[in-house]
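User: Hi! I would like to go through this model with you and learn what lies behind the words used for it. Could you take my questions one at a time?

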Amino acid sequence: NPKSGIKLWEFEMGDRVYSSPAIGSDGTVYVGSHDKKLYAINPKSGVKLWDFETGGFVGSSPTIGSDGTVYLGTEDGKLYAINGKSGVKLWDFETGGRVKSSPAIGSDGTVYVGSRDKTVYALNSKSGAMKWEFKAEGWVDSSPAIGSDGTVYIGSDDGKLYAINGKTGVKLWEFETGGGVSSSPAIGSDGTVYVGVGYPDKKLCAINGKSGVKLWEFETGDRVSSSPAIGPDGTVY
C-alpha cells in the first residue's frame, strides 16, 4: 500500500530477481527471475497468471508494446517477444552475447536493445527481423533511451555514450565518459541526456542531446550503475 507501507501481497519466484517489474495497461505485472522465467502476476491478488520459460537467466527488465506484447532479453543471448495475455512466444531473436539491456520501443514500433556481443540492434516488433545493427567497442548492458526525434541514446562498457539515428543505425555522435556505462540514459524535457558512469570516473554526466557536448558533471563516491530519474521540476535523482 503506497500510503501506509503495509504489504498487500508477496509472490515467491524461483530465484533472485534483478529484473524490474513492468505493468501492462490492464494492470498485469510482468517480471523476470534468475530461475529463467518471465512471470505474469495479477496485481490485485498476487496470483500467477502464467510463466514463460526462457533459455537463460533474466537480468533485463520487460518492456510492453502498445498491443500488449512483452519484450524481454535474457542471458541465453536472445530477445523474446511474448503475448502478454497468454504467455505464448511470438518470436525470438538471437544475438551473439548475453542480453542484460532492457529493450526500448520507438514511436513506429521498432524495438531497440543492446547485447554483450558489443552490438545495438533495431528489430521489427511484429516479426523480429533485424532492421539494422550498430557495433560499439565494448559490451552493451545499458538500455536504450529514445529522444523525441527518434534518436537512440545508449551507453557501452567501452566508456562511451552513443547517439544513433533510430531509422538508419548511423552514429550521430559519441561522448567519452571516462568510465564504463552500464547505466541507462534518461532524457530531460529540453533534450538533455543524463547518464551515470562507472570506474574509474564515477560520476553523473549531463550531455547536450543534439551535439554530444558535455554540459556538466557531478562526481559521486562510487560507480553509478543505476539510471537517473528526472522530476517534473527537472531535478535529477
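User: Thanks! In which loop is the place of Lys118?

Analyst: Lys118 sits in the loop between β10 and β11 (119-123). Strands here are DSSP runs (E, at least two residues), numbered from the N terminus. Before we go on, this is a predicted model: local features need pLDDT of at least 70, side-chain atom pairs count only at pLDDT 80 or more, and totals for chains, interfaces and linings use all residues. Residues are numbered from 1 along each chain as its sequence is written, and side-chain values use heavy atoms, with hydrogens and water left out.

User: Why is Lys118 called partly exposed?

Analyst: Its relative accessibility is 41%. Buried means under 20% relative accessible area and exposed over 50%, with partly exposed in between (1.4 Å probe, protein chains only). Lys118 therefore counts as partly exposed.

User: What makes the phi of Lys118 worth a remark?

Analyst: Phi of Lys118 is near 70°, a positive value in a residue other than glycine. Most residues other than glycine have a negative phi. Lys202 also has a positive phi, near 55°. Lys202 is placed in the loop between β18 and β19, and with a relative accessible area of 25% it is partly exposed.

User: What is the peptide bond from Tyr199 to Pro200, cis or trans, and how do you know?

Analyst: That bond is cis, with omega near -5°. Most peptide bonds are trans. Pro200 is found in the loop between β18 (193-197) and β19 (203-207).

User: Why is Ser115 called buried?

Analyst: Ser115 has 0% relative accessibility, so it counts as buried. Its place is in strand β10 (residues 111-115).

User: Which side chains make a polar contact with the side chain of Ser115?

Analyst: The side chain of Thr95 does, at 2.9 Å, and so does the side chain of Asp117, at 3.1 Å. A polar contact is a pair of N or O atoms within 3.5 Å; within protein, one must be able to donate a hydrogen and the other to accept it, and residues adjacent in sequence count only if both atoms are side-chain atoms. Leaving aside neighbours within four places in sequence, Ser115 is in contact (heavy atoms within 4.5 Å) with residues including Gly96, Tyr121 and Trp139.

User: And Ser183, is it buried or exposed?

Analyst: Ser183 is buried, because its relative accessibility is 0%. Ser183 lies in the loop between β16 (171-176) and β17 (186-187). A polar atom of its side chain lies 3.1 Å from the backbone nitrogen of Gly196. Beyond neighbours within four places in sequence, the residues in contact with Ser183 include Ser142, Val195 and Pro228.

User: How do you know that strand β15 and β16 pair?

Analyst: Two strands pair if DSSP finds at least two bridges between them. Strand β15 (residues 160-164) and β16 have five bridges, in the antiparallel sense. Lys160 stands opposite Glu176 in β16. The two strands form a hairpin with six residues between them, and Gly169 in the turn has a positive phi of about 80°.

User: What makes β13 and β16 edge strands?

Analyst: They belong to an open sheet of four strands, ordered β13-β14-β15-β16 with antiparallel pairing. β13 (145-146) and β16 are the edge strands, as each pairs on one side only. β13 pairs with strand β14 (residues 152-156) over two bridges in the antiparallel sense, and Ile146 has Val152 in β14 as its bridge partner.
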